[in-house]
Amino acid sequence: MANLLTEAIYRLFSKPNTKMYPVKPADIAKGFRGKVVWKKDTCIFCMMCVTNCPTNALTMNKEKKTWAIDIGKCIFCGRCHDVCPTKPKSIDNGSEFELASTDKKKFKHEEKK
Ligand code: SF4
Ligand code: SF4
């Protein structure tokens, strides 16, 4: 009983172990793989990311200079980043992770260079 009381008093004045997310922003760990981000300025349209994506989540049109992702297909594996030959990499997994939606149209995202 004494131990329990000591523990209770200690916990009353110690820093909580719980995180305040979503009231406060989440702590994103280094190397976290969130929503894929394309960096159009350095992209050379080599198509390596598109051809190596295991779920065909990426599409690209060299002529129109467009890049698109279907987040509903992406499994956040980071393969597109690994195979990108540019330095710095032109595609990366960002920190955004709140991607759930009941509207499938919101999963498709296209950008133009
Ligand atoms: S993270 Fe993986 S699944 Fe998602 S776009 Fe890149 S290669 Fe494809
Ligand atoms: S692999 Fe990199 S440089 Fe090649 S098309 Fe994809 S983003 Fe662009």
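Modeller: Gladly, and let me start with two terms. A residue is buried if 20 or more other C-beta atoms lie within 10 Å of its own, exposed if 12 or fewer, and partly exposed in between, with C-beta atoms placed from the backbone. A nonpolar core is a set of buried Ala, Val, Leu, Ile, Met, Phe, Trp, Tyr and Cys residues joined through C-beta atoms within 7 Å. This is a predicted model, in which local features need pLDDT of at least 70, side-chain atom pairs count only at pLDDT 80 or more, and totals for chains, interfaces and linings use all residues. Residues are numbered from 1 along each chain as its sequence is written, while chains are lettered from A and ligands numbered from 1 in the order in which they are written.

Biologist: Thanks! Which elements give two or more residues to the largest nonpolar core?

Modeller: The largest nonpolar core has 12 residues, among them Val-36, Trp-38, Trp-67, Ile-69 and Cys-74. Helices (H or I, at least four residues) and strands (E, at least two) are DSSP runs, numbered from the N terminus. The elements with two or more residues in this core are strand S1 (36–38) and S3.

Biologist: Which residues form the covered face of strand S3?

Modeller: S3 spans residues 66–70, and its uncovered face holds Thr-66, Ala-68 and Asp-70. The covered face is made of Trp-67 and Ile-69, and both of these belong to the largest nonpolar core.

Biologist: How many bridges join S3 to strand S5?

Modeller: Two strands pair if DSSP finds at least two bridges between them. On one side, strand S2 (residues 58–61) runs antiparallel to S3 with 4 bridges, and Met-60 stands opposite Trp-67. S5 (residues 108–112) is also antiparallel to S3, with Lys-108 opposite Asp-70. The number of bridges between S3 and S5 is 5.

Biologist: In the hairpin of S2 and S3, which residue takes a positive phi?

Modeller: The hairpin has 4 residues between its strands. A phi near 60 degrees is found there at Lys-65.

Biologist: Which residues does Phe-107 contact, leaving aside its neighbours within four places in sequence?

Modeller: Phe-107 lies in the loop between strand S4 (91–93) and S5, and it is partly exposed because 16 other C-beta atoms lie within 10 Å. Its C-alpha atom is separated by 5.4 Å from that of Asp-70, 37 residues apart along the chain. Two residues are in contact if their C-beta atoms, placed from the backbone, lie within 7 Å. With those neighbours left aside, the contacts of Phe-107 are Asp-70, Ile-71, Gly-72 and Ser-101.

Biologist: On to the ligands: how many charged residues are in the shell around ligand 1?

Modeller: A residue is near a molecule or strand if its C-beta atom, placed from the backbone, lies within 6 Å of it. By that rule 14 residues surround ligand 1, the closest being Cys-53, Cys-74, Cys-77, Arg-79 and Cys-80. Ala, Val, Leu, Ile, Met, Phe, Trp, Tyr, Cys and Pro count as nonpolar, Asp, Glu, Lys and Arg as charged, and the others, Gly among them, as polar. The shell has 11 nonpolar and 2 polar residues, and the charged count is 1.

Biologist: Is Met-47 buried or exposed?

Modeller: Met-47, one of the residues around ligand 2, is found in the loop between S1 and helix H2 (48–52). Its phi is near 70 degrees, a positive value in a residue other than glycine. Most residues other than glycine have a negative phi, and most peptide bonds are trans. Because 12 other C-beta atoms lie within 10 Å, Met-47 is exposed.

Biologist: Where is Pro-88 found?

Modeller: The peptide bond from Tyr-21 to Pro-22 is cis, with omega near 10 degrees, and Pro-22 is in the loop between H1 and S1. The bond from Lys-87 to Pro-88 is cis too, with omega near 0 degrees. Pro-88 is found in the loop between H3 and S4.
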